[in-house]
Amino acid sequence: MAGIVTISCGQLWRNANPSSNIICFVTMPSSLERIPTTVSAQQAKDLNNPAVYVEALVRAAMEPDLEKLAAWLAGDQPLADHPFAMWYRHFAEKLRDMAPRIENGFQSKPPRSIPAPQIGRNDLCPCGSGKKFKQCHIDQAEQVAWKLGPPTPAIRASAVATLIHNMPPQELEKVPLNKASELALTEMAAVWHQHERLDNALVALKTALDGPRDDPHLLFDYWIARYAEWLVEADRAKEAEEFLLDEYDDRHAIEPWQAAQKLAAFYIDQGDPDNGETWVDTAIEGAPDNPFNHYLKGLLHHTLDQYEQATASYEKAQSLSHHFREQEQQYMEQLLADALDRARNQRSLDDDEEEPAAEADETAPPVSN
Ligand SMILES: [Zn+2]
């Protein structure tokens, strides 16, 4: 039943839907507003478009050559004969100042103000034609009329996440964890886990969880579940248990029943129905309308071959799943349909005639935000 702790993790996207408690079934919730990253090739890159701005910051972080960055801004045109080369160089420099710095845990440099190049209407046109600017390229100056203010938090977060997902592991290793934000740390942890570098993933995630947990975009409920699950994966179940018990005693950023729910899932997964029952009852007491709590109760009975009680709990969960948003509801119903089918036919959970839905969390389609 690998994955059971994570799929019990409650809210997926707190900001989008603050009142609901839903299951998590994405491999890697990025916890960010995803900005579409398709950038159309055009004459000059439009930095007023958030997606382009994200890409520009990522490039600025990874491209040491300022001239290449400026040429990309100019629409991959050679800068030498470009009338607005000085503007592209100017914006390239500004971008590099604002880009997340890998060696600095993705924080940017302290901002400095660099004055934008000015050309008067009556000055010579920078293209070298010898004409006055107003008689030459002035009409095309529009295309570089960017308002390049500091990136919004969403653009910044998206750039950091993109950077982390595109960095080679040997670069990712150089990031000083003590300087990285909670969001960067969780993204790094997810990437390390993807690379099957469990130890790195655990260290990065622990650093995030030991922090103030004050990033409103992060689902600490999810990451707590993930941490416990990775410890189990690393054959450190005892530590996972201690970690979850500590979370229950001294939780911050999650509700007591959420910690109880993870403990219940953990003990059921570990084949300890007595502790499983204690915690599942605590979770149900704290959140009686959460379908996942009843699903766990069903699983608990199921592992004990108590098919009738299992069926009753699954049916209870089914009757409550309308609390979830549509996609989560579909997923919950799929989980329940499989569990119910087994319980009604008195088949155990280990009976692998078909792939149990409870193990599908790694392959389930991600929630679209
Ligand atoms: Zn000109």
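A residue is treated here as buried if 20 or more other C-beta atoms lie within 10 Å of its own, as exposed if 12 or fewer do, and as partly exposed in between, with C-beta atoms placed from the backbone. The structure is a predicted model, in which local features need pLDDT of at least 70 and side-chain atom pairs count only at pLDDT 80 or more, while totals for chains, interfaces and linings use all residues. Residues are numbered from 1 along each chain as its sequence is written.

By the burial criterion, 43% of the 369 residues of the chain count as buried. The chain contains 15 helices and zero strands, where helices (H or I, at least four residues) and strands (E, at least two) are DSSP runs numbered from the N terminus. Two residues are taken to be in contact if their C-beta atoms, placed from the backbone, lie within 7 Å. Among the contacts in the chain with a separation of 6 or more, 58% are accounted for by residues 24 or more positions apart.

A nonpolar core is defined as a set of buried Ala, Val, Leu, Ile, Met, Phe, Trp, Tyr and Cys residues joined through C-beta atoms within 7 Å. The largest such core has 92 residues, of which Leu57, Met188, Leu205, Trp223 and Ala264 touch the most other members. Helix α9 (residues 220–233) gives the most to this core, contributing ten residues. When neighbours within four places in sequence are left aside, Ala264 is in contact with Gly276, Trp279, Val280, Ala283 and Leu296.

The packing of α9 against helix α10 (residues 237–249) was examined next. These helices pack at an angle of about 160°, with their axes 7 Å apart; axes are lines fitted to C-alpha atoms, for helices over the stretch in contact, and angles run from 0 to 180 degrees between N-to-C directions. Angles under 35 degrees count as roughly parallel, over 145 as roughly antiparallel, 65 to 115 as roughly perpendicular and the rest as oblique, and α9 and α10 are therefore roughly antiparallel to each other. On the α9 side the contact is made by Ile224, Tyr227, Ala228, Leu231 and Val232, and on the α10 side by Ala237, Glu239, Ala240, Phe243, Leu244 and Glu247. The residues of this contact comprise nine nonpolar, no polar and two charged, with Ala, Val, Leu, Ile, Met, Phe, Trp, Tyr, Cys and Pro counted as nonpolar, Asp, Glu, Lys and Arg as charged, and the others, Gly among them, as polar.

Helix α10 also packs with helix α11 (residues 256–269), at an angle of about 160° and with the axes 8 Å apart, which makes α10 roughly antiparallel to α11. Here, too, α10 passes α11 in a left-handed crossing. Ala240, Glu241, Leu244, Glu247 and Tyr248 of α10 meet Pro256, Ala259, Ala260, Lys262, Leu263 and Phe266 of α11, and the residues of this contact divide into eight nonpolar, no polar and three charged.

Several individual positions were also considered. Phe106, located in the loop between α4 (85–98) and α5 (153–166), has a phi near 75°, a positive value in a residue other than glycine. Phe106 is buried, because 27 other C-beta atoms lie within 10 Å. The loop between α4 and α5 also holds Cys125, which counts as partly exposed, with 17 C-beta neighbours inside 10 Å. Cys125 and Cys136 are eleven residues apart in sequence, and their C-alpha atoms are 6.5 Å apart in space. Not counting residues up to four places away in sequence, Cys125 touches Pro83, Lys131, Lys132, Phe133, Cys136 and His137.

Toward helix α15, Met332 is found within the helix itself and counts as buried, with 25 C-beta neighbours inside 10 Å. Met332 and Phe292 are 40 residues apart in sequence, yet 8.0 Å apart in space, C-alpha to C-alpha. The segment after α15 (326–344) includes Asn345, which counts as exposed because it has 9 C-beta neighbours inside 10 Å; Asn345 lies 38 residues from Tyr307 in sequence and 8.4 Å from Tyr307 in space, C-alpha to C-alpha. Gln346, in the segment after α15, has a positive phi of about 55° although it is not a glycine, and Gln346 is exposed, with 12 other C-beta atoms within 10 Å.

Key:
A crossing is left-handed if the near helix is turned anticlockwise from the far one by less than a right angle, and right-handed if clockwise.
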